[in-house]
Amino acid sequence: MPAAIAAVVSIIASAGAFSALTGGVVAGWLGISGALMGTFAASLVAGVVGMAVAYGLSVVMGLNKAPDLSAYAQDRKQLIRGTAEPRQVVYGQAQVSGPLVFARSTGADLRYLHLVVPLAGHPIAGIDSVWIGDNEITVNQLDSGGNVTGGDLAGLVRIKKHLGRDTTADADLMAEVSDWTADHKLLGVAYLYLRLKYDMDAFTGGLTNIKANVRGKDDVYDPRTGTSGYSDNWALCVLDYLRADFGL
């Protein structure tokens with residue numbers, strides 16, 4: 001048997017053993033029986049073996065250069081200006097930004113800038129601190145209407161947080177911007193609506209990066225209890241991704 005093919009076979013055999021071991025570890029972590037792990041284990045084995053085959057072939061063909069994931073991780077924290085972007089999935093706690101899907105100016109001398117920034121393509125558990133450039137705006141710095149009442153941006157910014165379960169468009173945005181209508185519901189999308197008042201001292205560099213600390217997907221299924229909710233348990237998040245229509 002040629003050495004290259006033998007190497008691939010060896011990798012596949014190792015993947016099978018690793019998959020069996022991983023299935024046992026995840027089953028123990030979740031506290032469920034082996035019978036309930038059937039579908040999960042089958043998917044996991046298929047995925048691991050598939051990755052092993054791909055990796056083995058890449059070794060044979062000399063294409064096994066490690067991907068640079070740092071750029072992707074950084075992109076999740078940057079405001080993106082693009083016409084078409086994939087919907088982002090967020091598990092656990094993360095600091096993320098998203099595409100700038102809407103921007104309009106209103107008011108006398110166009111002093112107000114309205115921005116809509118999706119954070120996740122699904123409902124989430126919560127949006128905590130929001131960052132505008134280097135300014136962190138905490139929950140305690142917002143009044144009931146979303147107006148910033150503390151810090152360097154007090155009186156200049158209004159932030160409306162939408163967790164992805166709204167059935168109507170943002171009322172304040174509709175009232176102030178004619179282009180945003182009742183049809184713009186952003187169903188199933190977690191997003192920020194921000195209104196910034198022009199101030200040459202506060203926004204000396206123009207529009208800056210906007211990001212938020214997010215508690216992600218809020219319907220992660222737990223087979224131990226039969227319930228769904230927010231979780232940062234890695235095993236439950238993997239299981240949720242395997243079962244999701246957007247996942248494996």
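This note comments on the sheets, salt bridges and surface features of a predicted model.

1. The sheet with strand order 2-3-7-6. Four strands make up an open sheet in the order 2-3-7-6, and their pairing is antiparallel. Strand 2 (102-106) and strand 6 (157-162) lie at the edges, each pairing on one side only. From one strand to the next, the twist averages 15°.

2. Pairing of strands 2 and 3. Strand 2 and strand 3 (residues 112-120) are joined by five bridges in the antiparallel sense. Within this part of the sheet, Thr106 stands opposite Tyr112 of strand 3.

3. Pairing of strands 3 and 7. Strand 3 and strand 7 run antiparallel and are joined by eight bridges. Ala120 has Ala190 of strand 7 as its bridge partner. Strand 7 (residues 190-197) is mostly covered, as seven of its eight residues are buried.

4. Pairing of strands 6 and 7. Strand 7 is also joined to strand 6, here by six bridges, and these two strands run antiparallel. Ile159 stands opposite Leu194, a residue of strand 7. As a general point for reading such a sheet, side chains in a regular strand alternate between the two faces of the sheet.

5. The sheet with strand order 1-8-4-5. A further open sheet consists of four strands in the order 1-8-4-5, with antiparallel pairing. Its edge strands are strand 1 and strand 5 (135-137), each of which pairs on one side only. The twist in this sheet averages 25° from one strand to the next.

6. Strand 1 and its surroundings. Strand 1 and strand 8 run antiparallel and share four bridges; Ala94 has Val214 of strand 8 as its bridge partner. Gln93 belongs to strand 1 (residues 93-96). With a relative accessible area of 60%, Gln93 is classed as exposed. Leaving aside residues up to four places away in sequence, Gln93 touches Val214, Arg215 and Tyr230. Gln93 and Asp232 are 139 residues apart in sequence, yet their C-alpha atoms are 7.1 Å apart in space.

7. Salt bridges: the count and a pair at the cut-off. The model contains eleven salt bridges. One of them joins Arg111 to Asp109, with the closest N and O atoms 4.0 Å apart. The criterion asks for a side-chain nitrogen of Lys or Arg within 4 Å of a carboxyl oxygen of Asp or Glu, and a reader may wish to keep the stated 4.0 Å for this pair in mind. Arg111 is partly exposed, at a relative accessible area of 34%, whereas Asp109 is exposed, at 73%.

8. The side chains of Asp128 and Arg215 meet in a salt bridge with an N to O distance of 3.0 Å. This pair links distant parts of the chain, with Asp128 in strand 4 (residues 124-132) and Arg215 in strand 8 (residues 210-217), 87 residues apart. Asp128 is partly exposed, with a relative accessible area of 25%. Arg215 is likewise partly exposed, with a value of 28%.

9. Lys217 forms a salt bridge with Asp240, and the closest N and O atoms are 3.2 Å apart. Here too the pair links distant parts of the chain: Lys217 lies in strand 8 and Asp240 in helix 5, 23 residues apart.

10. A salt-bridge network. Arg158, Glu176 and Arg195 are linked in a network of salt bridges.

11. A nonpolar surface patch. Which residues form a nonpolar patch on the surface? They are Tyr241, Phe246 and Leu248, which together have about 310 Å² of accessible area. Leu248 is found in the segment after helix 5 (234-243). Leu248 is exposed, with a relative accessible area of 62%.

Key: Residues are numbered from 1 along each chain as its sequence is written. This is a predicted model: local features need pLDDT of at least 70, side-chain atom pairs count only at pLDDT 80 or more; totals for chains, interfaces and linings use all residues. Side-chain values use heavy atoms; hydrogens and water are left out. Patches are made of residues with over 30% relative accessible area and no salt bridge: like charges are joined within 9 Å, nonpolar side chains (Val, Leu, Ile, Met, Phe, Trp, Tyr) within 5 Å. Accessible areas come from the Shrake-Rupley method with a 1.4 Å probe; for residues, only the protein chains shown count as cover. Buried means under 20% relative accessible area, exposed over 50%, partly exposed in between (1.4 Å probe, protein chains only). Contact means heavy atoms within 4.5 Å. Two strands pair if DSSP finds at least two bridges between them. Axes are lines fitted to C-alpha atoms, for helices over the stretch in contact, and angles run from 0 to 180 degrees between N-to-C directions.
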